[in-house]
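Please consult the sequence and structure shown here.

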Amino acid sequence: MKVVLFCGGYGMRMRNGTSDDVPKPMAMVGPRPLIWHVMRYYAHFGHTEFILCLGYGAHHIKDFFLHYEETTSNDFVLRGGRTELLSTDIADWTITFAQTGIESPIGERLRRVRHHLDGDEMFLANYADVLTDAPLPEMIEKFAGRDAGASMMVVPPQSSFHCVDLGEDGLVGGITAVSDMPLWENGGYFVLRQEVFDHIPENGDLVADGCAQLAKQGRLVAHQHRGFWKPTDTVKERAALDEAYARGDRPWAVWEHDGAGVSA
């Protein structure tokens, strides 16, 4: 199944300075960028055909794959001055690099790569900047058996803030952590059918337009996941993932262990 990755945004909250033009999916976690970790997750489950929706800082992504060094994350033997790889990361991947505009919203980026999907009934999509251990085969299987146009992985709120219940007299009736409230957030992992294109207008958005319209028609399903899920919207969040990688705490790296995560 083809995987569409949206990797053309500015990612302003990840900027290290005004001269930094590296797109967010290229922020490093360990020896590899975020987008590599996301792609390895999909490849682990057998999905190795990728369509990259490029935009801001596209040359960084192109250069990374055009000059990819397998020896960075694979064991090898140096024999007679020649490198013999004992394993590979991307040798069996097919990657389509598609320029989808600098200012294009997510929905428009998806519209611009529709012809690369070859009319496939179902395909996968991702923001390319969120890591998880969610059981992808289960997510796909559940959606395949439903009469729906899209499936969205949802996760509990990640905010550390608290909500305050106020009475009319200004007295606080209760305090509840946002993460403990019966709410769910968009987790950024999608399983889609071609039907979604019927609901995304020119320069539209995948969620606000496509998914919202499907929801109104009762054709959007949610896959609830309470396992590992971490966004990288800020420098702090990316640094936390990098530190976790360094100490060997990387549950998103399902290719390194047998488990594939658990669902709610």
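The points below cover the salt bridges and a nonpolar surface patch. The model is predicted: local features need pLDDT of at least 70, side-chain atom pairs count only at pLDDT 80 or more, and totals for chains, interfaces and linings use all residues. Residues are numbered from 1 along each chain as its sequence is written, and side-chain values use heavy atoms, with hydrogens and water left out.

**Salt bridges**
- The structure holds 16 salt bridges, each being a side-chain nitrogen of Lys or Arg within 4 Å of a carboxyl oxygen of Asp or Glu.
- E121 pairs with R193, with the closest N and O atoms 3.2 Å apart; E121 lies in the loop between α3 and β8 (122–126) and R193 in strand β13, 72 residues apart.
- E121 is exposed at 52% relative accessibility, whereas R193 is buried at 12% (buried means under 20% relative accessible area, exposed over 50%, partly exposed in between, with a 1.4 Å probe and protein chains only).
- D147 and R219 meet at 3.1 Å, N to O; D147 is exposed at 63%, and R219 is buried at 18%.
- R247 and D249 pair at 3.7 Å; R247 is exposed at 58% and D249 partly exposed at 37%.
- A network of salt bridges links K2, E49, D118 and D120.

**Nonpolar patch**
- V164, L166, V172 and I175 make a nonpolar surface patch of about 400 Å².
- Strand β12 holds I175, which is exposed at 60% relative accessibility.

Note on methods. Patch = residues over 30% accessible without salt bridge, like charges linked within 9 Å, V, L, I, M, F, W, Y side chains within 5 Å. Areas by Shrake-Rupley, 256 points an atom, 1.4 Å probe, with all protein chains shown as cover. Helix = DSSP H or I, 4+ residues; strand = E, 2+ residues; numbered from the N terminus.
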